[in-house]
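Colleague: I would like to go through this model with you, contact by contact. Please give the cut-offs as we go.

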Amino acid sequence: MPKRTDLNKILIIGSGPIVIGQACEFDYSGAQACKALAEEGYRVVLLNSNPATIMTDPDMAWRTYIEPVTVDVVECIVEKERPDAALATLGGQTALNIAVEASKRGIFDRYGVEMIGADLAAIEMAEDRDSFRTAMAQIGLDTPMSEAARSMSQARDISRKIGFPLVIRPSFTLGGTGGALAYNAEEFEVFAARGLEKSMIGEILIEESVLGWKEYELEVMRDLRDNVVVICSIENLDPMGVHTGDSITVAPAQTLTDREYQDLRNAAAAVIRKIGVATGGSNIQFAVHPKTGRVVVIEMNPRVSRSSALASKATGFPIAKIAAKLAVGYSLDEIPNDITKKTPASFEPVMDYCVVKIPRFAFEKFPGSDDTLTISMKSVGETMAIGRSFKEALQKGFRGLETGLAGFESPFAGSGNPDYDRIDVMLLSRPSPDRIFHVRDALAAGMPVDRASELTGIDPWFMDNMLEIIEMEREIVAAGPEGLSGELLKRAKQAGFSDLQLGRLVGIDEDAMRVLRTKRGVLPTYKSVDTCAAEFEAVTPYFYSTWGDEDETRPGGDRKVMIIGGGPNRIGQGIEFDYCCVQASLVLRELGYETIMVNSNPETVSTDYDVSDRLYFEPLTLEDVLNIIEREKPRGVIVQLGGQTPLNLALDLEKRGVTIMGTPPSAINRAEDRKLFKELVDKLDIRQPESDTARTFEEVERIVERIGYPVLLRPSYVLGGRAMVTVWSGAELEGFAREAFKASLDHPILIDKFLEDALEIDVDAVADGTDVIVGGVMEHIEHAGIHSGDSAMVLPAHSLGPELVVSIKEQTRRLALELGVKGLINVQYAVKDGDIYVLEVNPRASRTVPFLSKATGTPLAKIATAVMAGISLGEQGMTADPACPFFAVKESVLPFSRFTGTDTVLGPEMKSTGEVMGHDPDLGIAFGKSQIAAGLDIPYGGAVFISVKDYDKAAVVDIAGSFEEMGFEILATAGTAEVLARRGISVTSLPRLDGGRPNILDYVKNRSVALLINTPSGPKPRQDEVTMRSSAADHAIPIVTTMSAARAMAGAIKAMRVRGGAFQVQSLQELFQHRQRGFNHENRQK
Amino acid sequence: MRERGCSLKVLPAAASFEDILAVDPDGLFLSNGPGDPAPVDYAVDTIRKLMELETLPLFGICLGHQLMGRALGARTYKLKFGHHGANHPVRDEATGRIYITSQNHGFCVDGDSLDRRKVATTHVNLYDGTLEGIAHRSLPFFSVQFHPEAGPGPHDGRYLFDRFIALVNRQRLRGSTHA
């Protein structure tokens, strides 16, 4: 069937901010959908609140709305734009939920909008677990025993019927939020109550536990002609009980016979046909009992998912793009396979390699939280590796994780090889991020594979492979550096060993190992990911390294530039950097360069094969990157856009003769090395808070004595404020200093005088060596001391006078020129009492580049890349600093609800996973929109609870006053209440948690409080504060933990109330009509 | 076919017309086999004789399909790239439905050499457009180039066994009314 001509305008709903369980894979799928539909001539209207995405680049859609992803906003946009159809299957669970709600409210019917991809009936059958179970029974498929409950008493009855252990899953949530496994009645009470609350419809499903069963996923597509193809099978190494997002997963499935696999394939086809996803991709999960082989269907996502992104990268089959085309009426055989161009998309990809995905965790940022892996996802990123064998892919995956491992090594090395029966079996039976290493240690200590498999539920086949890696290590150690023959080295490389890892085993360094290996003639070869195991010629060059005999790369021309991406997402380094890398590739191609992208993160747009001329899916280690450089010989390498990962490679690459494009690596060193930095700012006559560096604790003490408390401690060369902390007194100093030393590895730690209540400013600029343009001066809402990645920011800086803004820009220019920046630079300042202090200079792309680009309509990363390619700012027509003609607020989104028990307070260590943007001519509304976009229910009345530390008590009076004026009831703890009452504010005083009832916890649990304002008493907060804050987070009651945020919130509520909570929506194209700019042809020829 | 309630008798490739009739089958299944169909002329002769009866349902797969094609007067040729693997898309021309199939063959029936008045193309390979299935327009014979029995491979083509058994049953019904 050809494409539909009755549709013209299509609304795509995006997934909003990056949160755990819903990350940049939906930018990848959404961006693909935008491109695919535009290619077919449709007008795409896009809604997504996340400014860091590629999909919200104004070139990607006809109309781009960076507005809160809510039903109200969907209604506004539908009313304004009158789309013919809405596509909600590519924006994760968020988009699906919003579309369901909009549909139920009759919005789509009222305006004649058709839901394409999956309709309401299909979504409801797949998502409502009772109807899903019934549907499965009708097609003869088994599901775990389960029943839905809408109350606690119902839940208890069901628990008695099925028996423990039980899985509790809330209906309609994302990433399994609130899902839990209860082993006993006590746990059941807690988890069931939490689940009922988290579900959008107040319903939980109580299920027979299939804990320990083997877990599989099939990615399936179906078209309007009822054709079904399976794109990829994925096997979870960690068995059922661990969320697939937290599991190590392997594609294709490794431990099934053809007959077993075909049974799953048939079942998957039956499921998608029954549910009725008429057009598009779905993900279907199965559990298989390891002994009996009983197969049960766990769930079906009637949409593109995280696993679809992984499957797309694993096979080369662009699921989201094809799904978008199916949604507008094409059938699979009418769509060509991009990779071969000659064959149709109606086939099943074949892999002649193995893919391993490994999750990356961030438990160290959430002290107090339990690191047991459950059915509620907790990982913040992932890396994918491709190899010719499972062993090779597994080892590449571990080094691609960028946690310091050079392969499948144990981070607990040095503990020796104890007798295996003295190993704590709990370490093996309790799933955790470290379990895989304990498995390794147990196998190394001689634990039989069957025993390890029984304890973990990990299939013996995987265990055997791990054991083979360990055995090969022993062979290498026994051989020693002299005994490493070409034959042994080749076998080792084929089993995934890196040079660094081999060097560690035989006691030589990485360079020596590389020399030795090269001398032995053991060199990498590159194979292509071509969907068809080389049956047809691949047009699209997408490669991975291995150690074979034949190389499938073609050298290409000589105008080649390599871009190194950001690797697995982590807190502090995520989608913002991928955005910059993608922009760079796009502009370099416009300028006539061939681009080579290197990255290991399957969620990203940068690893979409049509973003660059060549894609290498490889770990971002020195060895892997150098190997590609030797093969491709690019003119230069761009390292300043992918975050800390490529930056950490810069000096090593330069030392080996690689040309780094743009800012020289020495500038990075000058900005990072505190001594050099001090010389720099002194030379430029720029003020800096007193600071110093220390290598020992004694040095720390001496420095603190000199500069005085409070001080800021931090390790050097880390991103995201890892182990960064404000210290207020001597009692805390030693503990925090120790942490900082640990995170700093070989580098000294930095000590700065902390400027209390200073205003913090973030600036991004582009320099070409002669000229500098400042992209924007952003004012943090939270004061200095809160990590810039967690702070809300406002553009333009509204409370600095114009003189201060001018001097900040001036200082930024001087810094950029002095450092010889060619490309992007980010500078952080603090302003206190009218004085400007520079806090940090980063001669690289920062997290705020995409936000600034969207807020000013100026593609900073593209401009910076063109500078790196030799086109000056003047030649690009960039002669003036861009302006933001309205207020834009960037708000951070925090993952506290995933880490029960952890404190929700902000500090110098970054904790947020994503961001949203709110914009409006009125600052209050812009802030309010950012809060709504971040998922907050803005309270327009009710009770506000206020409890602040002594330091803030004077400042809180005005804030309380404005809440009182708006008709809020004021609740406060005794100390705060006293201050407020004295100033004539009527306030109800609540007892401390241990001082009587009802206390604030009762109010929180009864939801009789609408907002909490609570500033922490110190860096080591009191337990009752933590309990209160985490309880508020669990109950989704908004809580602000800084005075400035409380003030902004009061302002927002006031502004929003005036308009009855409604606001205008505007697309980027409307906001920046006059600013559609591109590169002219003269520049292209350069 | 046994799963579908058939009782089976397996005969060697060189079985004669008489050998086959001696079994008194309700239908004849022409199985796969290796290599070039051209030298297997003895089987083609036998098939042609069986076809002349006009009453015995025939179902061929792979080499069996090529032999049926030759018996119906078509030529066979060697493919430039043989078909091997378990992921080949084949379209059923009657319904437009696509089936993912197991394939393992180097030769192909030349569609252009078929007598179009007698024989219809039922299946086409979507990779290279080659002929994947034929059926006689009026008599109970059909065949496919791929492996509907699929071991290993996807089970998408198994509907053809149902189609064959339906054909056999219809023929039996017709036979009994004629008798």
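Colleague: How many salt bridges does the rule find across the interface of chain A and chain B?

Modeller: This is a predicted model, in which local features need pLDDT of at least 70, side-chain atom pairs count only at pLDDT 80 or more, and totals for chains, interfaces and linings use all residues. Residues are numbered from 1 along each chain as written, chains are lettered from A and ligands numbered from 1 in written order, and side-chain values use heavy atoms, without hydrogens and water. A salt bridge is a side-chain nitrogen of Lys or Arg within 4 Å of a carboxyl oxygen of Asp or Glu. Across the interface of chain A and chain B, that rule gives three.

Colleague: Which residue of chain A meets Asp156(B) in a salt bridge?

Modeller: The N to O distance of this pair is 2.6 Å. The partner of Asp156(B) is Arg265(A).

Colleague: What area do chain A and chain B bury between them?

Modeller: Buried area is the accessible area (1.4 Å probe) that two parts lose on being put together, summed over both. The contact (heavy atoms within 4.5 Å) takes 20 residues from chain A and 16 residues from chain B. Of the buried area, 49% is on carbon and sulfur atoms, and the total is about 1600 Å².

Colleague: Which side chain of opposite charge is nearest to Glu235(A)?

Modeller: Glu235(A) is found in strand 11 (residues 228-236) of chain A. Glu235(A) is buried (under 20% relative accessible area; exposed is over 50%, partly exposed in between, with a 1.4 Å probe and protein chains only) yet has no salt bridge. Lys and Arg count as positive and Asp and Glu as negative, while His and the chain ends are not counted. At 4.6 Å, the nearest side chain of opposite charge is that of Lys214(A).

Colleague: With which side chain does Glu235(A) make a polar contact of 2.6 Å?

Modeller: A polar contact is a pair of N or O atoms within 3.5 Å; within protein, one must be able to donate a hydrogen and the other to accept it, and residues adjacent in sequence count only if both atoms are side-chain atoms. The side chain of Glu235(A) has such a contact with that of Tyr216(A), at 3.2 Å. The contact at 2.6 Å is with Thr255(A).

Colleague: How many residues apart in sequence are the parts that Glu25(A) and Arg306(A) tie together?

Modeller: Glu25(A) and Arg306(A) form a salt bridge, with the closest N and O atoms 3.7 Å apart. Both Glu25(A) and Arg306(A) are buried. Glu25(A) is in helix 1 (residues 25-39) and Arg306(A) in helix 10 (residues 306-315) of chain A, so the separation in sequence is 281 residues.

Colleague: Over which residues of chain A is the pLDDT below 50?

Modeller: pLDDT is the predictor's confidence in each residue, from 0 to 100. Chain A has a mean of 91, and 97% of its residues reach 70 or more. Where pLDDT is low, the predicted coordinates should not be read in detail. The stretch below 50 has 21 contacts in the model beyond near neighbours in sequence, and covers residues 1076-1086.

Terms used:
Helices (H or I, at least four residues) and strands (E, at least two) are DSSP runs, numbered from the N terminus.
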